[in-house]
Amino acid sequence: CVSALNTPVARSSGQVFLRVLNDALFSGSGGADLLLPQADLGALLPDAAMAWLAQHGAALRLATRVRAIAPAANAWSVDDEPFDQVVLASAPWDAARLVRASGVAAPAWCDATEALRFEAIATVYLRGASPLAAPMLALRSDAHAPAQFAFDRAQLGGPDGLLALVVSANEAPRDVLEEQVLAQAAHQLGQRHLEVLQTVVEKRATFACTPALVRPGVRVAPGLLACGDYIDGPYPATLEGAVLSGLATAKALGA
Ligand SMILES: Cc1cc2nc3c(=O)[nH]c(=O)nc-3n(C[C@H](O)[C@H](O)[C@H](O)COP(=O)(O)OP(=O)(O)OC[C@H]3O[C@@H](n4cnc5c(N)ncnc54)[C@H](O)[C@@H]3O)c2cc1C
C-alpha cells in the first residue's frame with residue numbers, strides 16, 4: 001500500500017488501494033506483469049514518445065518553459081503565440097500557477113489543485129554490495145527499516161556493487177534515513193560492508209493519496225484542459241495514472 005500510493009498506510013485511501021489491487025490481481029492476464037527495464041527510463045519512455053511524435057509530424061520544443069498563458073478571442077495564447085486549445089501537462093503546482101496568472105475564472109479547479117498535499121520518495125544508493133539473489137527484492141519495512149524495495153543495479157545494466165534502496169512516503173531526515181537503510185540492508189540482505197554513495201530525496205514526488213480526496217478535473221476553462229497523474233482518476237500518482245489521464249484528455253480535445 002505504501003509503495004503503490006506513496007502515502008503512509010494510516011493516511012491512505014482504502015478505495016484507491018482496493019482499485020489498484022483489483023486491477024493488478026483480478027483483471028486477467030497482463031494486469032500485473034513485472035517488467036524491469038535494463039535501459040534507463042529516459043530511453044524507455046520519453047525518448048520513445050518523442051520519436052513517435054516526430055514521425056507523426058509533431059513540432060517538439062524541448063527545454064522550453066511556458067511562462068504565461070492567456071485567454072484570447074475563442075483561443076489561447078501561450079507566451080504570446082496563438083493556439084486553438086491548450087493542454088497543461090505539467091506538475092499540479094505549475095499548472096495552478098499558470099491558470100491563476102492567466103486571469104481566467106477557474107476558482108474551483110485552482111482550489112482543488114492547490115489543496116493537494118505531497119509525499120516524498122527517497123532513493124539511497126549504496127556501494128560495496130555483493131550480488132543480490134534477484135535484480136529486485138521486496139523488503140520488510142517498518143518505522144525503523146524504511147525501504148520497501150532493493151534494486152541490484154549491477155543486474156540492471158549499472159555498475160558492479162551498486163544497490164538502490166527505495167523508500168516511499170519518506171518522512172525521516174537524511175542522516176537518520178541513511179543510518180536506518182544501512183542497518184536494514186545488513187539485517188535483511190546480509191550486506192554488511194556497504195557505504196552510502198548518494199541519497200536522492202524527491203520532496204514532492206507524488207500527491208498524498210488520502211481518503212475522499214477531491215482531485216481537479218480535465219476541463220479547466222473553455223479551450224483549456226489539463227492532464228497528469230493528479231487529475232481526477234482511479235489510480236494514485238503513477239505512470240499508469242498519467243497515461244490514462246493523457247488518453248482521456250486527448251479524447252476530450254476532440255469532443
Ligand atoms: C522518485 C520517484 C519514483 C517514482 N516511482 C514510480 C514508480 O515506480 N511507478 C510509477 O508508476 N510511478 C512512479 N513515480 C511517479 C511518476 O513518476 C509520476 O506519476 C509521473 O511521472 C507523472 O507524470 P505526469 O506526466 O503527470 O507529470 P511529470 O512526469 O511530472 O511531467 C510534467 C512535466 O511538465 C514539465 N513542466 C512543468 N512546468 C512547465 C512549464 N511551465 N513549461 C513547460 N513544461 C513544464 C516538467 O518539466 C515535467 O517534465 C515516481 C516518482 C518519483 C519522483
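**Close-up 1. Helix α5 and the glycine that follows it.** Just after α5, G103 adopts a positive phi of about 85 degrees; helices (H or I, at least four residues) and strands (E, at least two) are DSSP runs, numbered from the N terminus. Within α5 (residues 92-102), the buried residues are P92, D94, A95, A96, L98, V99 and S102, where buried means under 20% relative accessible area, exposed over 50% and partly exposed in between (1.4 Å probe, protein chains only). An α-helix has 3.6 residues a turn, so residues three or four places apart point the same way. This is a predicted model, in which local features need pLDDT of at least 70 and side-chain atom pairs count only at pLDDT 80 or more, while totals for chains, interfaces and linings use all residues. Residues are numbered from 1 along each chain as its sequence is written, and side-chain values use heavy atoms, with hydrogens and water left out.

Close-up 2. Polar contacts are pairs of N or O atoms within 3.5 Å: a polar backbone atom of V66 is 2.8 Å from a nitrogen atom of the ligand, a polar side-chain atom of D229 lies 2.6 Å from a ligand oxygen atom, and a polar backbone atom of L239 is 2.8 Å from an oxygen atom of the ligand. Taken alone, the ligand exposes 1,000 Å², of which the protein buries 55% (Shrake-Rupley method, 1.4 Å probe).

**Close-up 3. Strand β7 and its two partners.** In β7 (residues 149-152), A150 and D152 make up the covered face, whereas F149 and F151 make up the uncovered one. Strand β7 pairs in the antiparallel sense with β6 (residues 136-138) over three bridges and with β8 (residues 162-170) over four bridges, pairing requiring that DSSP finds at least two bridges between two strands.

**Close-up 4. A nonpolar surface patch.** L18, L21, L25 and F26 form a nonpolar patch with about 440 Å² of accessible area together; patch residues have over 30% relative accessible area and no salt bridge, with like charges joined within 9 Å and nonpolar side chains (Val, Leu, Ile, Met, Phe, Trp, Tyr) within 5 Å. A salt bridge is a side-chain nitrogen of Lys or Arg within 4 Å of a carboxyl oxygen of Asp or Glu. F26 is found in the loop between α2 (14-25) and α3 (41-44), and F26 counts as exposed because its relative accessibility is 63%.

Methods: A polar contact is a pair of N or O atoms within 3.5 Å; within protein, one must be able to donate a hydrogen and the other to accept it, and residues adjacent in sequence count only if both atoms are side-chain atoms.
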